[in-house]
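These are my notebook entries on one structure. I set down what I looked up, entry by entry.

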Amino acid sequence: MTAPRNPSLPPLALATPPSTSLSKYSPSLPFLRRPQFLTGEFAGDVGFDPLGLSSSSEKVLYYREAEIKHARLAMLAAAGWPLSELLDRPLTQQLDSSFNLSLSPALDATDRVPSVLNGGMLSDAISPIWWGVCLGAAAAVDLKGIQNARYSDAVDVNSGSSSVNGEQQTYRPGDYNWDPLNLYPTDEEGRFRMQLAEIKHGRLGMLAITGFAVQEYVLGDGVVDETPGFFEPFNLF
């Protein structure tokens with residue numbers, strides 16, 4: 001994911017635009033002043049912080065790391081939620097018949113995915129082993145994030161740079177140096193565009209997954225059953 005670049009130019013994800021290009025008012029809330037530490041250095045930064053949570057550069061880095069983690073998880077969940085409603089019962093039946101098992105579908109009687117609101121997270125259909133795997137994976141990702149963020153005690157929270165073993169390091173929130181398909185562009189404009197697309201899709205995913213949970217709790221039916229037209233192409237069984 002690392003490509004040669006002009007050392008005189010900061011990475012675009014952390015580059016702060018010239019102060020003359022920054023309005024003193026928030027682009028997202030033009031009747032409020034732009035928060036001091038939301039300087040547009042990160043993709044998707046539109047100066048939205050009505051609660052004043054970004055009170056320092058260090059907190060901005062911390063919150064961006066948390067936002068990206070939640071965004072990526074939400075994108076997976078937004079796709080996995082309807083797919084599980086479509087495939088859970090057929091796959092369970094297929095495994096039972098093929099391997100002589102006695103598995104139970106995770107969906108409830110109304111084809112709803114287990115969630116916090118409908119109480120399905122504590123049902124007997126969810127194996128404790130599954131929870132152990134989830135917690136272990138989450139802990140591993142968090143530890144890696146902490147390692148990236150605190151790789152050196154001498155981190156410049158304003159630029160995200162640090163000097164480790166005499167080499168200049170650049171910290172980008174959410175960057176795990178994982179790109180097996182080499183999709184990450186080599187030019188800085190392309191990188192910024194991909195970072196912007198990721199954070200926008202992630203924010204939409206967080207809204208979507210919240211909407212799924214609330215919709216199923218209020219209406220009492222699975223999202224696929226409520227809106228079958230959206231998911232019919234995926235119904236392979």
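**Entry 1: Salt bridges**

I began with Asp175 and Arg172, whose side chains meet in a salt bridge at 3.9 Å, N to O. I take a salt bridge to be a side-chain nitrogen of Lys or Arg within 4 Å of a carboxyl oxygen of Asp or Glu. Asp175 counts as partly exposed because its relative accessibility is 23%, whereas Arg172 is buried at 15%. The terms are set by relative accessible area: buried is under 20%, exposed is over 50%, and partly exposed lies in between (1.4 Å probe, protein chains only). I also noted that salt bridges with shared partners join Arg64, Glu67 and Arg203 into one network.

For the record, the model is predicted: local features need pLDDT of at least 70, side-chain atom pairs count only at pLDDT 80 or more, and totals for chains, interfaces and linings use all residues. Residues are numbered from 1 along each chain as its sequence is written, and side-chain values use heavy atoms, with hydrogens and water left out.

How many salt bridges does a search of the whole structure find? I recorded seven. Side chains of opposite charge can pair when their charged atoms come close.

I then looked up Asp142 and Lys69, whose side chains form a salt bridge at 2.7 Å, N to O. This pair links distant parts of the chain, with Asp142 in helix α2 (residues 128–149) and Lys69 in helix α1 (residues 57–99), 73 residues apart. Helices (H or I, at least four residues) and strands (E, at least two) are DSSP runs, numbered from the N terminus. Asp142 is partly exposed, with a relative accessible area of 38%, and Lys69 is likewise partly exposed, at 22%.

A further salt bridge joins the side chains of Arg89 and Asp111 at 3.0 Å, N to O. Here too distant parts of the chain are linked: Arg89 is in helix α1 and Asp111 in the loop between α1 and α2, 22 residues apart. I list Arg89 as partly exposed at 27% relative accessibility, and Asp111 as partly exposed at 24%.

**Entry 2: The course of helix α1**

I compared the end-to-end span of α1 with that of a straight helix. The helix has 43 residues, but its end C-alpha atoms are only 55 Å apart, short of the 63 Å that a straight helix would reach at 1.5 Å a residue. The expected span is 1.5 Å times one less than the number of residues.

Where in α1 does a kink lie? I found a kink of about 45° at Leu87, shortly before the proline Pro90. The bend at a residue is the angle between axes fitted to the seven residues ending there and the seven starting there. Just after α1, Asn100 takes a positive phi of about 55°.

**Entry 3: Aromatic pairs**

I recorded three aromatic pairs in the structure. The rings of Trp81 and Phe212 have centres 5.8 Å apart and planes at 50°, so this pair is tilted. The two residues come from distant parts of the chain, Trp81 in helix α1 and Phe212 in helix α3, 131 residues apart. Trp81 counts as buried at 9% relative accessibility, and Phe212 is buried at 15%.

The rings of Phe230 and Phe231 have centres 6.4 Å apart and planes at 65°, so I list the pair as edge-to-face. Rings of Phe, Tyr and Trp (its six-membered ring) pair if their centres lie within 6.5 Å; planes under 30 degrees apart count as stacked, over 60 as edge-to-face and the rest as tilted. Is Phe230 buried or exposed? At 63% relative accessibility, Phe230 is exposed, whereas Phe231 is buried at 14%.

I checked two asparagines for backbone phi. Asn177 has a positive phi of about 55° although it is not a glycine, and Asn182, also a residue other than glycine, has a positive phi near 55°. Asn177 is exposed at 51% relative accessibility, and Asn182 is exposed at 65%.
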